[in-house]
Every structure is written in structure tokens, then in C-alpha cells.
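Here is a short note on the structure shown below.

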Amino acid sequence: MSVSILVGSQWGDEGKGKIVDILSEKYNIVARYQGGANAGHTVEIGDQKYILHLIPSGILREDVICVIGNGVVIDPKALLDEIAILEKNNIKIDGRLFISHNAHLIMPYHKLLDSISESGQNKIGTTGRGIGPCYIDKYARKGIRIVDLLDKERLAKKIRENLVEKNTLLKKVYEHSELDVEEIIKEYTEFDKIIDKYIKDTPLYLNHAISEGKSILLEGAQGALLDIDHGTYPFVTSSSPTSGGACTGSGISPNKIDSVVGIVKAYTTRVGNGPFPTELLDEDGETLRKVGAEFGATTGRPRRCGWFDAFLTKYSTMINGIDYAAITKLDVLSGFDNIKVCVGYEYNGKALKAFPNDVNQLECVKPIYETLPGWKQDISGARNYDELPSETRDYLDFMAKYCGFEISIVSVGPKRSETIVLK
Ligand code: GDP
Ligand code: IMO
Ligand code: MG
């Protein structure tokens with residue numbers, strides 16, 4: 001059976017949740033490998049809309065087992081809230097969800113430090129979920145992990161040690177009141193009672209599953225341009241959403257990966273700060289935001305909108321090794337007379353040969369556009385490729401040819417049914 005990685009190819013919110021839900025029908029296991037509750041993955045089934053932050057979107061298919069991998073940072077409160085919402089909707093969680101013992105915990109001081117650093121200058125525009133500060137502690141080898149919840153004394157010791165440093169920082173540097181150590185210890189010692197049953201050595205579990213012939217879909221959060229190494233640093237998240245991160249974040253080796261599926265929105269959006277060459281600050285941008293309902297699934301912030309940046313997506317295709325693309329939100333482009341696609345950047349009067357992920361350069365580039373004819377028809381009812389207008393098919397062909405991927409899925413609406421499966 002197969003192991004596939006599903007990645008966001010742009011700046012997140014490409015529609016990963018919807019496509020994971022579609023694909024998970026064919027997989028035994030869906031595993032998240034990075035990020036945390038900064039993600040907001042929407043799945044619409046009938047009239048019901050689910051927004052998943054930590055739990056893989058495969059949870060909505062009752063035969064699928066879900067794994068939160070070692071690369072994810074977990075806010076236990078956010079996790080329990082999410083479990084409660086799903087259970088209220090009669091979705092069974094017990095026996096279907098496993099959490100890596102090595103995943104790091106988001107602590108109250110991570111969220112506080114995230115909000116304090118965002119209140120100063122040089123804002124990233126984070127989701128405020130404590131993601132950056134938690135990964136800082138992970139890499140500084142000071143982090144507290146899921147496994148620590150199982151040993152109350154060790155947990156209390158680690159919290160105390162961390163609080164000495166964090167409270168000094170809060171008081172001396174940020175002139176903020178100190179956090180109550182005992183309160184945090186009390187709060188976190190309670191979590192194991194509920195989370196205990198989900199904890200597993202997930203790399204071992206996933207590798208056993210592969211040897212038993214089970215299929216696994218690795219669900220990425222965020223997108224390639226938010227990757228800590230390959231994105232528009234420093235306006236990125238603090239993990240590796242690109243396909244390479246899927247191996248580290250799950251414990252599955254690269255030679256077990258069969259394919260990479262990139263989720264590609266038919267235009268471009270971004271939430272938070274940072275350069276965005278094809279951003280539209282005019283009526284067209286407003287139309288994309290309105291028709292595409294481009295408001296953050298986690299924070300509710302309006303998303304910045306712009307034309308499809310093929311130059312950027314080609315770069316993302318290279319970094320991720322995207323074999324197949326799922327094109328999403330194609331219906332949103334219906335109605336435009338003409339549609340522009342960015343096929344390069346001009347910098348200091350010259351066309352750049354490669355995508356620059358240096359933000360100083362990226363902030364100064366001018367997009368080079370190719371204009372394609374639009375289509376007026378509503379395409380949300382199309383269920384076959386042949387039912388799409390010829391202009392729409394030409395647009396898809398252009399995307400595939402320019403970026404160098406094969407299109408396997410075309411999404412024409414948020415619902416499960418509004419999907420054209422090509423391969
Ligand atoms: P994710 O973070 O990549 O999972 O994406 P989000 O859920 O944050 O944002 C995608 C939004 O677009 C959600 O509201 C989806 O319900 C919606 N969506 C997904 N695919 C389509 C589509 O093909 N057409 C339209 N109109 N909406 C879509
Ligand atoms: P999904 O999985 C879009 C952005 C934030 C900010 C930057 C850093 O739903 O696609 P962080 O809180 O991670 O430290 O914020 O990354 N960001 C996202 N943008 N979709 C997401 O997730 C995002 N997760 C983080 O807006 O610019
Ligand atoms: Mg999202």
C-alpha cells in the first residue's frame with residue numbers, strides 16, 4: 001500500500017482539509033506531522049462544517065485511524081476542546097486517535113510570549129497560538145513533551161525549571177507580571193487523566209502499519225512559503241510544512257514515501273504579514289475575498305488575496321517534489337473577463353531566473369503577468385473534467401504545464417461532492 005504526503009503549496013489555507021477528507025476514503029491512517037493549533041482545516045459534509053486545528057481531517061471518516069505525530073506541538077486544552085466538539089457531533093474518537101509521546105506541549109507561557117512579541121515592532125502576524133515560543137524551547141532542548149505528562153514529579157520539576165527562566169524574562173525584559181508556577185503544575189497534571197489513553201510510540205506504530213500493508217496519508221499544515229527554511233523568512237511559521245518535514249515529523253523514512261500531493265489554490269492568499277507580489281488591493285482582490293470567503297479559519301482575519309503566482313508555485317513544486325496537484329477553489333474565479341497568472345518577477349528592471357525567498361528582494365519585485373481568458377459560467381456543478389468550459393480547462397492546463405505537476409483533483413466548491421477526481 002502507499003504512503004503519501006499532502007502539502008500546502010502556497011501560504012496555507014489552500015483547502016488541505018477538504019482534500020484530506022476526500023483522499024482519506026482510500027487511506028487507513030491519516031497523520032499530522034508539524035504545526036499545531038495555528039492550523040484551521042475546514043471540511044464541509046452536507047450542512048455540517050468542521051474546522052480542525054490539531055486532529056487530522058481523516059477523523060471524519062469512521063474507518064480511518066488518526067495520528068498526531070512527534071513533529072506537532074500540542075496545546076492540551078485546544079486538543080480537549082476539539083475532541084469534545086467532535087464527540088458532540090457523534091464522531092467516535094477513542095481507539096481512533098493516537099498522539100505521539102514525543103510531541104511537545106504548548107504551555108501557557110508560550111502563548112503569552114507569542115502575544116507579547118507580537119505587541120511590539122516587527123510583527124509577523126502570528127495566530128497567537130504559542131507556536132514559535134514552543135518550537136524555540138524544543139530546539140533549545142528545554143521543551144516539555146506529551147510523555148512528561150505520565151510522570152507527575154518529572155512534569156512538575158520541568159515546569160518549575162522552565163518557569164524560573166520564563167518569569168525572569170517576563171518580569172525583567174517585558175515588565176509583565178509573573179506566572180503562577182503551582183497553578184500551571186496543577187493544570188497540566190490533570191491532562192494526563194484524559195490524554196493518557198491516546199498516547200503512543202507513533203513512529204513505531206506507523207512503521208508497523210506500513211509493514212502490514214496499511215496506507216498512510218501524511219497531512220501537512222500551513223504551506224511551503226511558510227516553511228521555516230524554504231519560506232519567506234522571517235514571515236513564516238516555526239516548523240517544516242514542506243514534504244521533507246513529513247519524514248522527521250512522523251518517523252517515516254523517505255524511502256517509504258510513494259508520492260507527494262500538493263494542494264494548489266487557483267489564486268493566491270496569505271494571512272499575516274510579509275511580501276506578497278501578486279496581492280490585489282483593488283476591486284478584483286475584494287471579489288476574490290468575498291466570493292472565496294477568504295477569512296481565517298483559526299483567527300477570522302481577512303485573508304490577503306491575489307492572482308495565481310505560478311512562479312512561486314513552481315518553486316514550491318520543486319522544494320516539495322509535488323507529483324500530483326489538487327487544484328482548489330477554481331469556482332471562485334468564475335465571472336472574471338480575464339485572469340492574470342504571474343509567470344516571473346522583474347527585479348531592478350531584469351527578469352529573475354529563480355524565485356527569490358529573500359524577503360528584501362521579494363518586497364521589491366514586480367510580477368510579470370500572462371493574461372488568460374476568463375469564463376462566466378458557474379462551474380460548481382461540474383463533476384467531470386469535460387463539463388468544464390474550455391477556458392477553465394486551458395487555465396488548468398496552463399497551471400500544470402508551467403508548474404510541472406499532474407493535476408489529479410479539481411475542487412469546485414467546499415463540499416465533498418463538489419469535486420472532480422481525475423486520477
Ligand atoms: P486549509 O487550511 O488548507 O485546510 O484551508 P482552510 O480550511 O483554512 O480554507 C479553505 C476554505 O475554502 C475553507 O472554507 C473551505 O471550506 C473552502 N474550500 C475548499 N475547497 C473549496 C473550493 O473548491 N471552492 C470553494 N468555494 N471553497 C472551497
Ligand atoms: P493552515 O494549516 C495560513 C501564518 C500566520 C503568520 C505566520 C506565523 O490552516 O493552512 P504562527 O502562529 O504559525 O507562528 O504564525 O504563519 N499561519 C498560517 N497562515 N494558514 C495556516 O494554517 C497558518 N498557520 C500559520 O498567519 O503569518
Ligand atoms: Mg486553514
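**Notes on the two ligand sites**

1. A polar atom in the side chain of Ser411 is 2.5 Å from an oxygen atom of ligand 1. Please keep in mind that this is a predicted model.

2. How much of ligand 1 does the protein bury? Alone, ligand 1 exposes 590 Å², and 94% of that is buried by the protein.

3. Two further side chains have polar contacts with ligand 1. In Thr42, an N or O atom of the side chain is 2.5 Å from an oxygen atom of ligand 1. For Lys329, a polar side-chain atom and an oxygen atom of ligand 1 are 2.9 Å apart.

4. The shell around ligand 1 holds 19 residues, and the nearest are Lys16, Gly17, Thr42, Asp331 and Ser411.

5. Which secondary-structure elements each supply at least two residues of the shell around ligand 1? They include the helix α1 (16-23) and the strand β3 (41-45).

6. Why does ligand 1 lie between two domains? Its shell takes residues from both domain 1 (3-100 + 198-260) and domain 3 (264-421), so ligand 1 lies between them. The space that ligand 1 takes is the second largest pocket.

7. Ligand 2 takes the space of the largest pocket. Around ligand 2 there are 20 residues, of which Lys16, His41, Thr127, Gln222 and Thr237 come nearest.

8. Which parts of His41, Asn38 and Gly125 face the oxygen atoms of ligand 2 in polar contacts? For His41, an N or O atom of the side chain is 2.7 Å from an oxygen atom of ligand 2. For Asn38, a side-chain N or O atom is 2.9 Å from an oxygen atom of ligand 2. For Gly125, a polar backbone atom lies 3.3 Å from an oxygen atom of ligand 2.

9. On its own, ligand 2 has 550 Å² of accessible area, and the protein covers 97% of this.

How values were computed: Residues numbered from 1 in each chain as written. Chains lettered and ligands numbered in written order. Predicted model: local features only at pLDDT ≥ 70, side-chain atom pairs only at ≥ 80, totals over all residues. Heavy atoms only, no water. Near = heavy atom within 4 Å. Polar contact = N/O pair within 3.5 Å; in protein donor to acceptor, adjacent residues only side chain to side chain. Areas by Shrake-Rupley, 256 points an atom, 1.4 Å probe, with all protein chains shown as cover. 1 Å grid on protein atoms, 1.4 Å probe; cavity = no way out; pocket = protein on both sides within 12 Å on 5 of 7 lines; lining within 4 Å. Sits in = over half its atoms within 2 Å of the grid points. Helix = DSSP H or I, 4+ residues; strand = E, 2+ residues; numbered from the N terminus. Domains from an automatic or database assignment.
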